[in-house]
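Please keep the sequence and the structure in view while reading.

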Amino acid sequence: MRLADKLVIVTAAASGMGRAGVDLFLREGARVAAIDINAEALAALADDAKAKGHTIATIQADLSQPEQMRSSINDAAAALGGLDVLWAHAGIPGPAGIEDLDLAAYDQAIALNVTSAALGAGEAIKHMRKRGGGAIVFTSSISGLMGSMFSPIYSTAKFAVVGLTKSLAQTFAPDNVRVNVVCPGLADTPMKIGFTGRSGDPQEAEANQARLLASVPMGRLCRPEEAAHAVLWLASDDASFVTGVALPVDGGFTAR
Ligand SMILES: NC(=O)c1ccc[n+]([C@@H]2O[C@H](COP(=O)([O-])OP(=O)(O)OC[C@H]3O[C@@H](n4cnc5c(N)ncnc54)[C@H](O)[C@@H]3O)[C@@H](O)[C@H]2O)c1
């Protein structure tokens, strides 16, 4: 098992790729604390884990709020008895355009995609040092590697997460803490519609998805568990000399 007895926090854990990660990390021997804003979905996640013979800690928090971000990481580490791995996965698509920019939506996108990642890493490092090291994995996107034509604020935020990764990988290397980031392509989760269906028109969403997939050499969406497997590898000792890497999980989209 790749994460045997590792103490792991996952944020935005109650759906999509985060939820797939919780499932996978439990199967790989980890003890997991799951943080999310959705209390009902967290309870369902805990019930599902229990049915499979696992106990997880759950913490409800709005991670766009800096104090809740900080305290939820510390509460989760306390519940686990320490911290080896943080997957700071929280993020949102944010506002579509740049003209007449909705500043509240802009602030929320930066808060959840970028500020929460920085604050999470800042708290996690203190716990990881006590255990002699650890691994932090962030979630960026293909839009953090190539400018998105449709989501300038999302690209701004996700490029920032890649920058944070490369900076912290150097800062934390002496602490034996590796820092990497996964960059999924359009993924088959509830968030997908936030990218393809901003107008609210289902036909337009379908057309946008088809247009995007036409540029994906493998011609399909990212499955949640495919992103989770990439995180598992980066978090595990199999990647013991890998730090500062932005890993596309995109069926070849960014290979063009
Ligand atoms: N879905 C995609 O196409 C895609 C592609 C690339 C990257 N990403 C990134 O992956 C991450 C999540 O995507 P997903 O597809 O797994 O999403 P998802 O919609 O399946 O799940 C998102 C989770 O985040 C939680 N959440 C939302 N706002 C929150 C907040 N303020 N505080 C705490 N939790 C909150 C939700 O309750 C939900 O459980 C984001 O960082 C996103 O930018 C998504």
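The text below treats the ligand site, then the cysteines, and then a number of individual residues.

**The ligand and its surroundings**

The structure is a predicted model. In this model, 29 residues surround the ligand, and the closest of them are Ser15, Asp36, His89, Tyr154 and Thr189. By class, the shell around the ligand comprises 15 nonpolar, 11 polar and 3 charged residues. Two helices, helix 1 (16–27) and helix 5 (152–172), each contribute at least two residues to this shell.

| Protein residue | Protein atom | Ligand atom | Distance |
|---|---|---|---|
| Ile37 | polar backbone atom | nitrogen | 3.2 Å |
| Asp62 | N or O atom in the side chain | nitrogen | 2.9 Å |
| His89 | backbone N or O atom | oxygen | 2.8 Å |

**The cysteines**

How many disulfides does a search of the whole structure find? The search returns 0 disulfides. For Cys183, the closest cysteine sulfur is that of Cys222, at 11 Å; this is too far for a bond, because a disulfide requires two cysteine sulfur atoms within 2.5 Å. Cys222 accordingly takes part in no disulfide, with the sulfur of Cys183 as its nearest cysteine sulfur.

Are these cysteines buried or exposed? Cys183 has a relative accessible area of 0% and is therefore buried. Cys222 also counts as buried, at 6% relative accessibility.

Most residues other than glycine have a negative phi. Asp5 has a positive phi, near 60°, and Asp5 belongs to the segment before strand 1 (7–11). With a relative accessible area of 63%, Asp5 is exposed.

Asp100 also has a positive phi, near 50°. Asp100 is situated in the loop that joins strand 4 (85–88) to helix 4 (103–130). The relative accessible area of Asp100 is 80%, so this residue is classed as exposed, the cut-off for that class being over 50%.

**Residues in helices and strands**

Ala88 is part of strand 4 and counts as buried, with a relative accessibility of 6%. Between Ala88 and Leu119 there are 31 residues of separation along the chain, and their C-alpha atoms are 9.9 Å apart.

Lys130 is located in helix 4. Is Lys130 buried or exposed? Its relative accessible area is 69%, so Lys130 is exposed. Lys130 and Asp175 are separated by 45 residues in sequence, with a C-alpha to C-alpha distance of 9.7 Å.

Ile73, finally, is a residue of helix 3 (residues 66–80). The C-alpha atom of Ile73 is 9.8 Å from that of Ala61, and the two residues are 12 residues apart in sequence.

How values were computed:
Residues are numbered from 1 along each chain as its sequence is written. This is a predicted model: local features need pLDDT of at least 70, side-chain atom pairs count only at pLDDT 80 or more; totals for chains, interfaces and linings use all residues. Side-chain values use heavy atoms; hydrogens and water are left out. A residue is near a molecule or strand if one of its heavy atoms lies within 4 Å of it. A polar contact is a pair of N or O atoms within 3.5 Å; within protein, one must be able to donate a hydrogen and the other to accept it, and residues adjacent in sequence count only if both atoms are side-chain atoms. Helices (H or I, at least four residues) and strands (E, at least two) are DSSP runs, numbered from the N terminus. Ala, Val, Leu, Ile, Met, Phe, Trp, Tyr, Cys and Pro count as nonpolar, Asp, Glu, Lys and Arg as charged, and the others, Gly among them, as polar. Buried means under 20% relative accessible area, exposed over 50%, partly exposed in between (1.4 Å probe, protein chains only).
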